[in-house]
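Trainee: I would like to learn how to read strands, sheets and helices in a model like this one. Could we go through it feature by feature?

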Amino acid sequence: MTDAPPLTESDDAPSDQPLLRVEDLRVTFDSPRGMVRAINGVDFTLEQGKTLAIVGESGSGKSVTARTIMNLLPSTATIEGTIGFDDLDLRNVSKARAKHLMGVDIAMVFQDPMTSLNPVKRIGAQLTESMRYHLGMSRADATERAIELLGKVGIPSPAQRIRQYPHELSGGMRQRVVIAIALACEPRLLIADEPTTALDVTVQKHILDLLGDLQAEEGMSMILITHDLGVAAGRADEIAVMYAGRIVERTSATQLFAESRHPYTDALLRSIPQVSQPSHTRLTPIPGRPPDLINLPDACAYAPRCRFAQADCLESVPPVQGVAGMHEFACFFPANTDRGREALASNVAAGTTAAGLEIEGYVSGGVS
Amino acid sequence: MKYALTRLAQAVVILIVVTFLTFWMQTLLPGNPCIVATGGLTSDELVAKCEVDLKVGENVFVRYADWGTNFISGDLGESYVNGRTVWDDLKQRFPPTGFLFLYSQVVALGVAVPGGIWAAYMAGRKAKRNIPTWLPFAIVGGIVAVSIALGTSVFTLILLAIFATVVIQTLRGGAAQDQLVSASAFFLLSVPVVVLAIVGQWLFAIRWNLYDLSGYTPPSEGLFDHVKSLWLPSVVIGLSLSPVYLRLLRADMIQNLQQDFVNVAKAKGMPPSTILLRHVLRPSTLTLLTVAGLNVAQLVNGAVIVEVLYDVDGMGSYLVSKFLGREFIVVQTLVALIATIFVLANLAVDLFYGVVDPRVRVERSKG
């Protein structure tokens, strides 16, 4: 502990505010085609020890959100809004505090374990590096802890593994190493950006279970980013669904699966295979494609693909409504409500939505 | 280990083929090599001795075998013009070239490695200050105009303009720094080494009197005098080599800086210096190593132009004089030496790949 800054006071006196607070986050990228509006006003909070799953398709802004928190965005990005972590403003941290912040208090697990380890460095060196730099541990102490960590993430004969190079391990084993690296300095917040997308389905479950167990053990908060609602189910306390750089629905996991409000969430739920359904049941795909983030309309971004879309949806961006902090959604005609059912019924009767999407018979309501 | 032995065996085969082909091609040249080599200036008995030595008239394989055995046993032949053995000449000619090569590589890498790392690091960054593009041109133009009005020398003018550009680009920061380094590299790349050598000579030996054009001093006569006798040609060769190294390293570094493991290292909270030097530099040196290995040929070829201009009696001038004198027997030996050094150096580079990147070793054990 040579030059580590003094710990924040909240360590002795836990504050009652949530660990992570993201307020009105906006991120744009300069590109040759124009301004890419990757994130357009994201708000969420995360309590100590809880898991938030951020779900969305490619380009919905979920990874950019994670990278913004980790300060990993390229210099072409422009960021607005505030990110509060503990009693720090993450966007204006002093240099001294920033030196031992990422990797110590906040850590991240990346998507592809095949590329996230340095191919020319031994596992041990990659694991001990951050402990020696941030915690000032000696080589021997750090190595001892590295072996312990590898054992903890379920790697057999860890003492031999630290002498190996990444290419000598399988994908699942490498992801375990990446998780061990993230846990090395006992972070309070772990961001897992699609940690299982690049892995076999059988390995996926092991990695997710491992993350869950470790989280419970260490009492850390976790943001689990995934494009798969199935992955979020049962593992997240809260789920935020992202679409075109906005959180369109945010509520507890149980509430979301029982009674989704946003038509996008509703459509996502319909596209997951259910064990309870008879075999060969057709899944309902979501028509159309995600919007172009350079030319976002001044309207609901989902409207062109939405079966509930009415004239209102094409005129203005729906504000966030619902019960603050409990069940929030950004929709004028929420699913599983009378208003939504009416909107859908009129669209079905007309055979087309206000945005011109042709629809056939479609039953509103959550998946039972 | 098995890989190294296979590669060594391959190297031996390559050497035999190369030396045999050059040997055979020489026999295609018209005339008696002994008469051609001496230019008819030496006595008949010397020509006769030469013909016996070289087995002139015999089958090419017999002659090659004879030459080869002599070469391996250390008898590199002799010049029939002055009677000196090639070995004696090498003992005298090789050290200046060897030291010149060593020092110039040190200079080239000393410039290219920090420059390449810095340029690659800055390439992806945003400018610190927004300085409009026309401003540097205006300032440099102003300096030129004022200098002409005041009648300062062209030399001062150029120095001032360079200084102004460096200051402006540094103030800009970010990618402008990369542009500055890359532009300097392009400048060095486009200036022929002969121009650098002459300008360097004029500046340091004549104008500022910081270098004595007295030729090579061996280290045995004092290390200080030795370095003093070689520093300027080393810097000239080093500077002319450095832009190639710099561009290669910069390109590889930029590519590797985009790898996921760099993001992981950033997420671990590692400082930029650790990421650049400990994570990205090593896997980025493969191309640099390859090209440095190819440059080893200079040990025998010598840097002819610089050696001649700086009066260093090294391998370059030796090789040229033997060529001009048509002493193909000596040239043949030198070609064999070049081939040997070249093949060995590149074998070393190949083996070193495995040290730099452990994945290479796996590929080899599979293959």
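Trainee: Which residues point one way from S8(A), and which point the other way?

Mentor: Keep in mind that this is a predicted model. In a regular strand the side chains alternate between the two faces of the sheet. In the case here, A:Ser221, A:Ile223 and A:Ile225 point one way from S8(A), while A:Met222, A:Leu224 and A:Thr226 point the other way, and all are buried. Because six of the six residues of strand S8 (residues 221-226) of chain A are buried, the strand is largely enclosed by the rest of the structure.

Trainee: In which sense do S3(A) and S8(A) pair, parallel or antiparallel?

Mentor: S3(A) and S8(A) pair in the parallel sense, over five bridges, and A:Val55 stands opposite A:Thr226 in S8(A). Strand S7 (residues 189-193) of chain A also runs parallel to S8(A), joined to it by five bridges, with A:Ser221 in S8(A) as the bridge partner of A:Leu189.

Trainee: What is the order of strands in the open sheet of four strands in chain A?

Mentor: The order is S2-S1-S4-S5, and the pairing is antiparallel. Strands S2 and S5 (88-89) of chain A stand at the edges, each with a single partner strand, so one side of each is left without a neighbour in the sheet. Strand S1 (residues 20-31) and strand S2 (residues 34-46) of chain A pair over 10 bridges in the antiparallel sense, and S1(A) and S2(A) form a hairpin with two residues between them. Within that pairing, A:Val27 has A:Ile39 in S2(A) as its bridge partner. S1(A) is also joined by eight bridges to strand S4 (residues 77-85) of chain A, again running antiparallel, and there A:Val22 stands opposite A:Ile83 in S4(A).

Trainee: How many of the eight residues of helix H10 (residues 263-270) of chain A are buried?

Mentor: Eight of the eight are buried, so helix H10 of chain A is largely enclosed by the rest of the structure. The buried residues include A:Asp266 and A:Arg270, along with A:Leu268 and A:Leu269.

Trainee: Where does A:Ser60 lie?

Mentor: A:Ser60 lies in the loop between S3 and helix H1 (62-70) of chain A. To place such a residue, compare its accessibility with the cut-off: buried means under 20% relative accessible area, and A:Ser60, at 2% relative accessibility, therefore counts as buried. Leaving aside residues up to four places away in sequence, A:Ser60 touches A:Ala38, A:Met242, A:Tyr243, A:Ala244, A:Gly245 and A:Arg246.

Trainee: Turning to chain B, at roughly what angle do the axes of H5(B) and H10(B) cross?

Mentor: The axes of helix H5 (residues 86-123) of chain B and H10(B) cross at roughly 35° and come within 4 Å, and the crossing is right-handed. By class, the contact of H5(B) with H10(B) has 27 nonpolar, eight polar and one charged residues.

Trainee: Which helices do the buried residues of H9(B) pack against?

Mentor: They pack against helices H7 (154-172), H8 (175-190), H10 (223-257) and H15 (304-309) of chain B. Among the buried residues of H9(B) are B:Leu196, B:Gly200 and B:Leu203. Helix H9 (residues 193-207) of chain B has 15 residues and reaches 20 Å from its first C-alpha to its last, close to the 21 Å expected at 1.5 Å a residue, and H9(B) is followed by B:Asn209, whose phi is positive, near 55°.

Notes
Residues numbered from 1 in each chain as written. Chains lettered and ligands numbered in written order. Predicted model: local features only at pLDDT ≥ 70, side-chain atom pairs only at ≥ 80, totals over all residues. Heavy atoms only, no water. Expected span 1.5 Å × (residues − 1). Buried < 20%, exposed > 50% of the residue type's maximum accessible area, 1.4 Å probe, protein only. Contact = heavy atoms within 4.5 Å. Pairing = 2+ DSSP bridges. Axes fitted to C-alpha atoms, helices over the stretch in contact; angles between N-to-C directions. Left-handed = near helix turned anticlockwise from the far one by under 90°. Nonpolar A, V, L, I, M, F, W, Y, C, P; charged D, E, K, R; others polar.
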